[in-house]
Amino acid sequence: MEIFSIYSYAINAAEKLSQFLLSKFSPPPVLLCLGTDRMLADCLGAMVATDLRNADYPNYIYGGLAAPITHQSAQFCHDFIHTMHPTSPLIIIDSMATTEQARLGHISINSTYVGAINSLDLHANLFIYGISSLLRNNRLCAARLNNIFSLNSAISDGIKKFTKNIQKINKNYPQQICLSKN
């Protein structure tokens with residue numbers, strides 16, 4: 001169920017995402033970023049993870065270009081996160097395909113998992129999907145790199161702004177909870 005949507009090409013997309021996250025979370029959540037660089041349409045989650053890791057995101061990040069988490073390993077990673085961080089909020093970030101041309105480049109935030117693999121039983125506080133490619137006749141069409149970059153910038157910049165705002169609001173909150181390993 002979609003609860004929020006923004007267009008990644010909008011000038012204030014990152015700010016709107018940051019404000020939305022501020023309304024939902026106090027400490028920065030654990031991130032599970034799905035995707036791989038082996039397929040352009042599915043690399044968004046891995047790109048966001050790498051970008052945030054390079055910016056010293058102050059909580060755990062799972063996934064990335066160097067250590068991708070694909071849908072084959074998503075359930076195991078999800079269960080591991082819930083075991084290791086049982087009280088931490090979780091956001092899952094992934095790519096999504098659409099049948100509607102007008103939805104390309106949108107960021108869809110959902111309260112439930114709506115991914116392509118129906119057999120996955122993923123639970124998180126929020127799911128952030130970047131609509132990266134078209135789906136025609138149940139086949140994935142080629143994705144545009146510019147669209148992936150726009151989605152990545154809006155999502156990662158929005159999460160970075162959210163983190164900075166949390167640190168300003170709560171000066172007692174440490175600058176770094178932990179640094180994720182590359």
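Is Leu17 buried or exposed, and what is its relative accessible area? Leu17 is buried, with a relative accessible area of 0%; buried means under 20% relative accessible area, exposed means over 50%, and partly exposed lies in between, using a 1.4 Å probe and protein chains only.

## Basis of the model

This is a predicted model, in which local features need pLDDT of at least 70 and side-chain atom pairs count only at pLDDT 80 or more, while totals for chains, interfaces and linings use all residues. Residues are numbered from 1 along each chain as its sequence is written, and side-chain values use heavy atoms, with hydrogens and water left out.

## Leu17 and helix H1

Leu17 belongs to helix H1. Helices (H or I, at least four residues) and strands (E, at least two) are DSSP runs, numbered from the N terminus. Apart from neighbours within four places in sequence, Leu17 is in contact with Ile6, Ile109, Ala154, Ile155 and Gly158, where contact means heavy atoms within 4.5 Å. Leu17 and Ile159 are 142 residues apart in sequence, yet their C-alpha atoms are 7.4 Å apart in space.

## H1 against H4

The axes of H1 and H4 come within 7 Å and cross at roughly 50 degrees. Therefore H1 is oblique to H4. Axes here are lines fitted to C-alpha atoms, for helices over the stretch in contact, and angles run from 0 to 180 degrees between N-to-C directions. Angles under 35 degrees count as roughly parallel, over 145 as roughly antiparallel, 65 to 115 as roughly perpendicular, and the rest as oblique.

The crossing of H1 over H4 is right-handed; a crossing is right-handed if the near helix is turned clockwise from the far one by less than a right angle, and left-handed if anticlockwise. On the H1 side, Ala13, Ala14, Glu15, Leu17, Ser18, Gln19, Leu21 and Leu22 take part, and they meet Ala154, Ile155, Asp157, Gly158, Ile159, Lys161, Phe162, Asn165, Ile166 and Ile169 in H4. By class, the contact of H1 with H4 has 11 nonpolar, four polar and three charged residues. Ala, Val, Leu, Ile, Met, Phe, Trp, Tyr, Cys and Pro count as nonpolar, Asp, Glu, Lys and Arg as charged, and the others, Gly among them, as polar.

## H2 against H4

Helix H2 (residues 44–54) also packs on helix H4 (residues 145–169), at an angle of about 40 degrees and with axes 9 Å apart. H2 is therefore oblique to H4, and H2 passes H4 in a right-handed crossing. Leu44, Met47, Val48, Asp51 and Leu52 of H2 make this contact with Ile148, Phe149, Leu151, Asn152, Ile155, Ser156, Ile159 and Lys160 of H4. The residues divide into nine nonpolar, two polar and two charged.

Ile148 of H4 counts as buried, at 0% relative accessibility. Leaving aside neighbours within four places in sequence, Ile148 is in contact with Leu40, Cys43, Leu44, Met47, Ser132 and Ala143.

## Nonpolar cores

A nonpolar core is a set of buried Ala, Val, Leu, Ile, Met, Phe, Trp, Tyr and Cys residues joined through side-chain atoms within 4.5 Å. The largest has 26 residues, and those with the most contacts inside it are Leu21, Leu31, Ile91, Ile93, Ile107, Ile155 and Ile159. Two or more residues of this core come from each of helix H1 (13–24), strand E2 (30–33), H2, strand E4 (90–98), strand E5 (106–110), strand E6 (126–136) and H4. H4 gives the largest share, six residues.

Leu21 touches Ile91, Leu126, Ile159 and Phe162, not counting residues up to four places away in sequence. A second, separate core of 20 residues includes Leu32, Ala74, Met96 and Leu134.

## Partly exposed residues

Asp56 lies in the loop between H2 and strand E3 (61–62) and is partly exposed, with a relative accessible area of 40%. Phi of Asp56 is near 60 degrees, a positive value in a residue other than glycine. Most residues other than glycine have a negative phi.

Thr112 is in the loop between E5 and E6, and its relative accessible area of 38% makes Thr112 partly exposed. Beyond neighbours within four places in sequence, Thr112 is in contact with Met1, Phe127 and Tyr129. Arg136 is found in strand E6 and is partly exposed at 48% relative accessible area. With neighbours within four places in sequence left aside, Arg136 is in contact with Gln101 and Cys141.
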